[in-house]
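The following note concerns helix packing and the surroundings of the ligand. Please read it alongside the coordinates.

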Amino acid sequence: DRRGVVAASLLAADAGHLGDAADAVLHAGADWLHVDIFDGSKASNGALSSMGPQTVKALRRRLPDAYLDVHVGCRDPSAVVETLLADGCSSGLTFQFESCASLDAAKALAGEIRQGGCDVGICLAPETPISAITSLLDAGLVDMVDVLAVAPGRGGQSFDGAAALPKLRALREKYPGLRLQVDGGIDATTAPDAVEAGADVLVAGSYIFRAGDAAEAVAALREAFPS
Ligand code: DX5
Ligand code: ZN
């Protein structure tokens, strides 16, 4: 079985010192850097992040070996994904399922990401049931599902376990080998429930970046994983 992953969400970092913050959080023990790219559209729930493909390039220059877990919530996800693939700086590319024009568009995008050499992720907003993506999962097109436990686009919201936990449980039961990411409202209190339900990748923004000691926060999250 696979080692649990702690992904630090840079949305909560000080944008004026992003490189230093990324560096620091890796030194504090985080496994991955989670980079949210939101364009202010309906697809991003109105949220506009300061991070874009240039940010991913800059992070890659500074941190050649880091796992850059990029989450795209944009009106036209394929255009953004194509730019990211052409840059070749992302490790994993996760797109918001709701922003795809159709199921076929989502399948094509998943195929492009895999073809481009990145891990393929698909993200479900709290209101989207897993039945929406079972055909993609059954076809083996997806490496990781990101189960959002908050409305997409903003950090600092509280964990919606009623939305996220049943989805995690159902996905874990049906797809034992799938990476299952949980994103939104993760802290030392909510992480154990998410892991118990099947999550193996914990994304945390506010909890890590607002902690006095990021290493302690990362260690507290890691406690949720079975040793
Ligand atoms: C929400 C983003 C998350 C966000 C999580 O759409 O995808 O990555 O940064 O922030 P916290 O951990 O503060 O809930
Ligand atoms: Zn995210």
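**Note on helix packing and the ligand shell**

1. The axes of α3 and helix α4 (residues 103-115) come within 10 Å of each other and cross at roughly 5°. Axes here are lines fitted to C-alpha atoms, for helices over the stretch in contact, with angles from 0 to 180 degrees between N-to-C directions. Helices are DSSP runs (H or I, at least four residues), as are strands (E, at least two), numbered from the N terminus. α3 and α4 are therefore roughly parallel to each other (angles under 35 degrees).

2. This is a predicted model: local features need pLDDT of at least 70, side-chain atom pairs count only at pLDDT 80 or more, and totals for chains, interfaces and linings use all residues. Residues are numbered from 1 along each chain as its sequence is written, while chains are lettered from A and ligands numbered from 1 in the order in which they are written.

3. Helix α2 (residues 53-62) and helix α3 (residues 77-87) have axes that come within 10 Å and cross at roughly 20°. That makes α2 roughly parallel to α3. Pro53, Val56 and Lys57 of α2 meet Val80, Thr83, Leu84 and Asp87 of α3 (contact: C-beta atoms, placed from the backbone, within 7 Å).

4. Around ligand 1 there are 21 residues, of which Ser9, Leu11, Gly155, Gly205 and Ser206 come nearest (near: C-beta atom, placed from the backbone, within 6 Å). β2 (32-38), β8 (201-204) and α8 (206-209) are the elements giving two or more residues to this shell.

Note on methods
Angles under 35 degrees count as roughly parallel, over 145 as roughly antiparallel, 65 to 115 as roughly perpendicular and the rest as oblique. Two residues are in contact if their C-beta atoms, placed from the backbone, lie within 7 Å.
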